[in-house]
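Here are my notes on the model you sent over. Have it open while you read.

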Amino acid sequence: RSIEGANGPVIIVAVHLCGTLSLRAVELFNNNPDVRFFCLKPCCLPGMVHAKRDEIFHLGEHSFDSKLVCMAGKWKKNVWKGPPRTVTKAYFERWTENLFLGMNDADAAKIKKTIMVQHNGGYQNEFLFAERLPKTAHVWEELQQEKAIG
């Protein structure tokens, strides 16, 4: 609701969004033309409750089965309790790809970029960016460069 009455362009920076909060962030971008720039850094996968309910996630014109991206497991006192991280990596890749596909690009440019912020077995290094057209050239030139960060 706070975006609808904004006086001027809006920027959404959504970092470390757990579970289905990433879905909500993409919906905010898709449904609000005043959002000029969007950055999403997804975090945790959606919980198994969505898969058990046979939910289909819908983002714009893109839909996907929650079973493709939901995973049991969580961190407890800095220790991972769940499937091996090599298994969760594939789920996270599918999660970020489906979030990216759900970002409306009819009036926007978008890019998915790997920026190494996690090391030593960490794999949650995907960032999703979008900007309503016309895009800011120097921002996109920088995003499209292949360079190491971190």
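**Notes on the loop and the sheet**

1. Let's start with glutamate 55, which sits in the loop between α2 (48-52) and β3 (56-59). Bear in mind that this is a predicted model.

2. What does the side chain of glutamate 55 make a polar contact with? The partner is the side chain of histidine 50, at 3.0 Å. Leaving aside residues up to four places away in sequence, glutamate 55 touches His50, Asp65 and Ser66.

3. Now to the sheet. It is an open one of four strands, and reading across you get β1-β2-β8-β7, with mixed pairing. β1 (10-17) and β7 (108-114) are the edge strands, each pairing on one side only. From one strand to the next, the twist averages 10°.

4. As a reminder, strands of a sheet pair through backbone hydrogen bonds, either parallel or antiparallel. Which way do β1 and β2 run? They are parallel, and seven bridges join β1 to β2 (residues 35-42). For a spot to look at, take leucine 17: its bridge partner in β2 is proline 42.

5. Two helices are worth checking against the sheet. Helix α1 (residues 21-31) lies across β1, β2, β7 and β8 (126-132), and runs at about 165° to β2. Helix α3 (residues 85-102) also packs on the sheet, where it touches β2, β7 and β8. The direction of α3 makes about 165° with that of β7.

Note on methods:
Residues numbered from 1 in each chain as written. Predicted model: local features only at pLDDT ≥ 70, side-chain atom pairs only at ≥ 80, totals over all residues. Heavy atoms only, no water. Pairing = 2+ DSSP bridges. Axes fitted to C-alpha atoms, helices over the stretch in contact; angles between N-to-C directions. Contact = heavy atoms within 4.5 Å. Polar contact = N/O pair within 3.5 Å; in protein donor to acceptor, adjacent residues only side chain to side chain.
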